[in-house]
Amino acid sequence: MYRDKSPVFVQPKVYPAHEHKISPEQIDEHARYVIEKLRTAGYKAYLVGGGVRDLLLKQRPKDFDISTSAKPEEVRALFRNAILIGRRFRLAHVRFGKKIIEVSTFRAGDPGTADLIVRDNVWGNEEEDVLRRDFTINGLFYDPQSQTVIDYVDGYLDLEKRVLRTIGQPHLRFSQDPVRMIRLIKFCARFRFDIDKPTFEALLNCKNEILKSSSARILEELLRMLESGSAKTFFHLLHEYGLLRPLLPGVADYFDKSPDNEILALLCELDADVRKGSIDRSVLLSTLLFPLLRHRLLLRAQKSDRPFHLALIQEEALRAIDEAFSTFFLLPRRLRGMAAFVLTAQFRIQPLDDKPVRTLRAPRDPLFPLALKLFKIRAAIQPDLLPYHTRWTEAGFAEQTVPLQEIHPHRRRRRRRRGRPHETHDSP
Ligand code: ATP
Ligand code: MG
């Protein structure tokens, strides 16, 4: 659908190759192929967003997104390997093996009101497409043919000045899509840029609107930050700017009450670790939650002198997860179960009563190596844990280095039993 509105005519600044110094070889060959094919078919197409930003910052982009005048169905018709995804934001994924190139159609975007955007599928031209994007540094196009950076919003200068600024009126932009506030803190943590004053004031004013956004999108951003290598700064800023409390009140309480914040210390170790290789999401989540579980267990131990067995610890682990997340989030059931296992198994590796264990026994569970991974992260800030880790690894229990979903990408689903067609039970 096109919006019935005259297009915005802004004269862009165009930066030639000798100024921006991006060379075409730095751009993923599949992204170049997609742009070329779209252009040969008569459409406009540019590299846009994080890919251009990261190249200008001399960092390796995580992904290369493409913006085009072709509508999603036209992209699908052009590429055999394309599928369309998303209802709120319809776009095409063009697949090359494991790699996905995201191709989105120019959108008219900004309706000029503070109403929450529930659908963003009104097509527009390239200027309008830039103006609906979140921050100026994310609003740059790169044209591989002329090797120019095209800038409608002064994003190039903001990148040089290391400033984060919303495109358009910040209050409006945060109210329309509160996830942008999390994205602002994400870029602040990742690049250590300053936040432009009006953008910062709007962040503080709009922070409670964060609960209006989709919890699934926020959860995805939080998990992505846990695996970004900048999780410590991100969670610190999230708390400092007042967004941690509405999202994760239990974690915010912990931050307030703990002068030597163990969560931040663990996240610092996690940051160092994820830079070496990706870590399963259950371990990421458990790193955030472990100090909360230990706090619960200490409180419970003060109330009763019965010894703790693993079933009871697991019960507390599930409570710690639910208490932290359930005010706003709906954790996927599988992730919740895996995190509970990883947390509980910390006390199998080092029993709470510290009794020496003669034989090391662990369930033949593929998740156990994930628990060892978290234990290793904990041992980095608590060296007296290292001998336990060594004992287990010497006994042949290796710690997990690759996320489970990469090892078992196609887990077989249990067949539904006949006669119960509406059953929705989906535990693994
Ligand atoms: P990353 O390096 O984490 O992928 P990114 O900026 O590329 O960062 P994406 O989620 O890949 O983030 O989004 C691609 C582009 O889409 C962004 O650079 C931005 O221009 C635009 N965008 C993403 N989310 C929003 C949003 N909530 N509102 C407006 N524009 C957005
Ligand atoms: Mg991106």
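## Asn125 and its loop

The backbone nitrogen of Glu128 lies 2.9 Å from a polar atom of the side chain of Asn125. Asn125 belongs to the loop between β6 (99-105) and α5, where helices (H or I, at least four residues) and strands (E, at least two) are DSSP runs numbered from the N terminus. Asn125 is buried, with a relative accessible area of 17%; buried means under 20% relative accessible area, exposed over 50%, and partly exposed in between (1.4 Å probe, protein chains only).

## Basis of the values

This is a predicted model, in which local features need pLDDT of at least 70 and side-chain atom pairs count only at pLDDT 80 or more, while totals for chains, interfaces and linings use all residues. Residues are numbered from 1 along each chain as its sequence is written, chains are lettered from A and ligands numbered from 1 in the order in which they are written, and side-chain values use heavy atoms, leaving out hydrogens and water.

## Overall make-up

The protein has 20 helices and 10 strands. Of its 428 residues, 49% count as buried. The accessible surface comes to about 22100 Å², and carbon and sulfur atoms hold 51% of that surface; the areas come from the Shrake-Rupley method with a 1.4 Å probe, and for residues only the protein chains shown count as cover.

Among contacts (heavy atoms within 4.5 Å) with a separation of 6 or more, 69% are between residues 24 or more positions apart.

## Asp134

Asp134 lies in the loop between α5 (126-131) and β7 (140-143). Asp134 is buried, with a relative accessible area of 10%. Its side chain and that of Arg183 are joined by a polar contact of 2.6 Å. A polar contact is a pair of N or O atoms within 3.5 Å; within protein, one must be able to donate a hydrogen and the other to accept it, and residues adjacent in sequence count only if both atoms are side-chain atoms.

Leaving aside residues up to four places away in sequence, Asp134 touches Arg165, Thr166, Ile167, Arg180, Arg183 and Phe187.

## Aromatic rings

There are 17 aromatic pairs in the structure. Rings of Phe, Tyr and Trp (its six-membered ring) pair if their centres lie within 6.5 Å; planes under 30 degrees apart count as stacked, over 60 as edge-to-face and the rest as tilted. The ring centres of Phe200 and Tyr241 are 5.1 Å apart and the planes stand at 75°, so this pair is edge-to-face. The pair links distant parts of the chain, 41 residues apart: Phe200 is in helix α9 (residues 197-206) and Tyr241 in the loop between α11 (231-240) and α12 (244-247). Phe200 is partly exposed at 26% relative accessible area, whereas Tyr241 is buried at 12%.

Tyr46, Phe106, Phe141 and Tyr152 form one aromatic cluster. The charged end of Arg39 sits over the ring of Tyr46, 5.4 Å from its centre. The charged end of Arg107 sits over the ring of Phe89, at 3.7 Å from the centre. For such a charge, NZ of Lys or CZ of Arg is within 6 Å of the ring centre and within 35 degrees of the ring normal.

Helix α17 (residues 333-349) has 17 residues, of which 12 are buried, so the helix is largely enclosed by the rest of the structure. The buried residues include Leu335, Met338, Phe341, Leu343, Phe347 and Ile349.

Leu55 is in helix α3 (residues 50-56) and is buried, with a relative accessible area of 4%. Leu55 touches Ile22, Gln26, Ile27, Pro61 and Phe64, not counting residues up to four places away in sequence.

Key:
The expected span of a helix is 1.5 Å times one less than its number of residues.
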